[in-house]
Amino acid sequence: MSLVIKLTFEILIIVAIGVIAAKTKIIDNNGKEKLSSLLVDLLLPVSMLASSQQPFTINNLKGTVYIAIIAFVYYLIAFATGKLIGKIRGMDSAKVAMFTLLIAFANTGFIGMPILKQIIGDQGTLYGAIYNSVFDILYFSYGMYMLTSDRCIQNSDSLADYSSSKTEKISKFKELFKNPMIWIAFLTVILYIMPYRFPEVVTASFDLIGNCMMPVSMLVIGAEIAGMNIKTVIGHKSAYSVSMLRMIVFPILTYVVMKIINVDFEVMATAVILAAMPSGSLNVIMAQKYKNNIEFATSAVMQNTILMVLTLPLFVYLIVK
């Protein structure tokens, strides 16, 4: 319980500092982008490599396999749920695609990895790396297929348009293999399995850098919240269906299933915490790129992010009590 209280106050305080920093222009838009880049391009990869240096155990190796399977099954269920609910609610095909992406793909890397490291240490980073590899593979394959397929159906006026869109889908799939995080995740697992370890001073240095993930990510979240039009975000009714599934239903179901199948604590913590993350900002980027329900995507992501401050401590409490 003390961990939950401590983590909750740490999140609230650092987010509040981020809000103040943004309001006082200490963190402007350029600064926010730089901090985001620092987190994704440096702190996260270094932390993943540091996680590979923990003592090797067969149990942990099994855990990485369990996490990969859990993540894959989770995404299959999320895809089916999104399509079913979207059709029941009478959404057009483009909105069904965006709704599905919003409820399926959460901010498991930018926010989830730092939180995991705080709760279960390097093992959480290792498991999180595997989970996010499944995220990347499915987002840049099936996720992009959904977006570009709907675009083909709605916007193509000729065979040439269709062919162009089909070529774009193939190009997007190829981009998956250009994603450095995929290769870093594979390298992390390989280094973990190998019998050799970095010198202690190297591992300690990597750990120090990795420990910066949580404060940097929460500062960016605070800066994002500072720039929100809260009334618009709260008033967007369509986004509430995303928030209900993303922030409450999916993490509760994940927790129940993890309890039923009786997995190790670290596996359960990884699955539940990442299921409790808000919709990923990557969805907003893709909504803008493909002109697909931009306001809906933006409102849902922002709404989720605000709700996370309230819901995340509850799920942390569930798993550590």
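Reader: Which residues line the second largest pocket?

Author: A pocket is an open set of points on a 1 Å grid over the protein atoms alone, where a 1.4 Å probe fits, with protein on both sides within 12 Å along at least five of seven lines; a lining residue has an atom within 4 Å of a point. Here the lining consists of Ile 70, Val 73, Tyr 74, Ile 77, Phe 250, Leu 253, Thr 254, Val 257, Met 258 and Ile 261. This is a predicted model, in which local features need pLDDT of at least 70, side-chain atom pairs count only at pLDDT 80 or more, and totals for chains, interfaces and linings use all residues. Residues are numbered from 1 along each chain as its sequence is written, and side-chain values use heavy atoms, without hydrogens and water.

Reader: Which helix gives the most to the lining of the second largest pocket?

Author: Helices are DSSP runs (H or I, at least four residues), numbered from the N terminus. H11 gives the most, with six residues; helix H3 (58–88) and helix H11 (238–261) each supply at least two.

Reader: Which residues lie nearest the centre of the largest pocket?

Author: They are Val 40, Phe 110, Ser 281, Leu 282 and Ile 285, from a lining of 44 residues. H5 gives the most to that lining, with 10 residues, and H2 is among the elements that give two or more.
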